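Have a look at the model first, and then read on.

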Amino acid sequence: MKGDEVTRESTPVKRGGRNAIVHSLDRARDWWEHAKVWQRYLVYIALVVGALILPAPAIGQFMTPGSDWTTVLIYPIGTYILLAVGLNVVVGQAGLLDLGFVAFFAIGGYSVAYYGVEHGWNYWVTVVWGIALAAVSGVILGAPTLRLRGDYLAIVTLGFGEIIRITANNTDEIGGARGIPGIPHPDLFGFKFKLDPAPYYYLMVAAIVLVIIFSVRLQKSRVGRAWAAIREDEDAAELMGVPTFKFKLLAFAIGAMIGGLAGGLYAGKAVFIEPNTFPFILSATILAAVVLGGSGNLPGVMLGAFLIGWLPERFRDLADYRILAFGAVLVLMMALRPEGLLPSRRRKAELHEGTGGMGTMGAEVPGPDTDVSTAEAAK
Amino acid sequence: MLLEVKDIHVHYGKIAAIKGLSLQVNEGEIVSLIGANGAGKTTTLKTISGLRPLSSGSVVFNGQDISKMPGHKRVQLGIGQSPEGRGVFPGMTVQENLLMGAYMRKDDLTKDLEEVYGLFPRLAERKNQVGGTMSGGEQQMIAIGRALMTKPKVLLLDEPSMGLAPMLIAQIFEIIKEINKRGTTVLLVEQNAQQALKLSDRAYVLETGRVVKSAPGVDLLDDPQVRAAYLGGH
């Protein structure tokens, strides 16, 4: 955007003292929106340095007293962040509800495992191949289904996630229910990755940084503008001459690629994968991370993924109650902050709108989507 | 003839919304579709702009059959639409909304932007405000302005007066007249039949997915049946 001249007025919300943390998050975002380029770069550098020293044992003692911090940083935290950035392209940018995102994670993971173990391909080749396969399956899934909207799309994608898992379960060629053991570790310029988690962590950080840069560039490009228009009002976008179907397909493919990359990295570290590595609940978890953090806003999405990856690990001593506590925390956060922890201003305006383009001042007529969904219901 | 709709049928699932509707729009005209709720006015516009597929019949624009063409390509041929319920992008500023209208254009936009801001000085004042926070009337202006930015040969307007105060309605109709005078053909869907008929060269009366009457706008104003059904029966 054009910086300070843009006044993105959002509805003023009264906040009490209990929302002090949330309020300071808002302030941080506002500062960021007006920050100068050098200030931003300082923050970027600080973040990367922070990410590099994050595995320090001193930090780990506090973050996860019960388990190895670096390992937790790779999975779930780092993997969740990577997946959330990928799903954010689909959900946050293009506004498509995808409940089967884990399928692409699985495809990336399986292609590293299968082609590495059975065909002896180089690790990096299998990762790239996995990304390509994920993109192709994104297109295959999207082509027939992206004409559906909202709930219908969610159901079909949910089914797709399950189909991939069940197919893996029933295909002996890729190990069936027993999965694939003995996945070779990567090596890079003669350096062999082994059991020490640290190199995998740095690899993960590099992948996340690359994916963030890619995602931000996309968001600021023509493609990002088209996605924003589709998300805000798909019919209106088509009426502006935006080939909405193609752009939705593109969002699916790009999201899938990032999911595939995450799967490839995961498999390279995990040594062993099986169909149940990729359950539906993982799709739901990543979606929760995106929504909790602030769909559409990268820092928010990453914060959400971090919290969702980290909190259950932090409270491991609570045994089975931790999931209950985790759920309660999620419900509480969404009640206090329905637009997510760190929403973009723009996203806020869209949510406050909530009537499909009619505006709060508009007449009592439903949004343009309404008759389409009833029509699809009648089919 | 600029636009010809020939015997179209449109279905929502199994329910037929349009049952054999035909209409013509000549270059330079203002043509209105009037009728009650559910008569098929909005569906007709959506079929012309490509948002709804048709079951049979055809839509011909400038001599070219566009029945199977996707909506975004029809925009490039010169069919611009301000959709039902305005469809303003709520998170984009006024200017960004207008520029979306020019998404596929590669030529210079300065003149057209100026022209839209000239028609709607209110939008010029609020260039950097986000669409979602604008009033209903302002959003209507954005929707029309944005459609103009696609450089349409024919402008389809779906209920431009909906939800607006009477004074604003008069203003919007004035602007429609002005847009037409500058050379854009207008196809208008309105519940506000009185105003629409006054403005129109010709009009079609729709009932349950069919055209039941077509005549010059002023003639329909005096038509006893139309008066009884759509003009409050005086």
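## Contacts, core and helix packing

Apart from neighbours within four places in sequence, Ala251(A) is in contact with Val89(A), Val90(A), Gln93(A), Ala94(A), Leu96(A) and Trp227(A); contact means C-beta atoms, placed from the backbone, within 7 Å. This is a predicted model, in which local features need pLDDT of at least 70, side-chain atom pairs count only at pLDDT 80 or more, and totals for chains, interfaces and linings use all residues. Residues are numbered from 1 along each chain as its sequence is written, while chains are lettered from A and ligands numbered from 1 in the order in which they are written.

Ala251(A) is also among the residues that touch the most other members of the largest nonpolar core, which has 159 residues. Helix H4 (residues 69-93) of chain A gives the most to this core, with 15 residues.

Two helix pairs are set out below, with angles from 0 to 180 degrees between N-to-C directions and axes fitted to C-alpha atoms over the stretch in contact.

| Helix pair | Angle | Axis separation |
|---|---|---|
| H5 (residues 102-117) and H7 (residues 150-170), chain A | about 30° | 8 Å |
| H6 (residues 123-145) and H11 (residues 244-270), chain A | about 145° | 7 Å |

Because of its angle, H5(A) is roughly parallel to H7(A) (under 35 degrees). Val102(A), Ala103(A), Ala106(A), Ile107(A) and Tyr110(A) of H5(A) meet residues of H7(A) including Phe160(A) and Ile164(A). The contact of H5(A) with H7(A) comprises eight nonpolar residues, one polar and one charged.

Notes:
Core = buried A, V, L, I, M, F, W, Y, C linked by C-beta atoms within 7 Å. Buried ≥ 20, exposed ≤ 12 C-beta atoms within 10 Å, placed from the backbone. Helix = DSSP H or I, 4+ residues; strand = E, 2+ residues; numbered from the N terminus. Contact = placed C-beta atoms within 7 Å. Parallel < 35°, antiparallel > 145°, perpendicular 65-115°, else oblique. Nonpolar A, V, L, I, M, F, W, Y, C, P; charged D, E, K, R; others polar.
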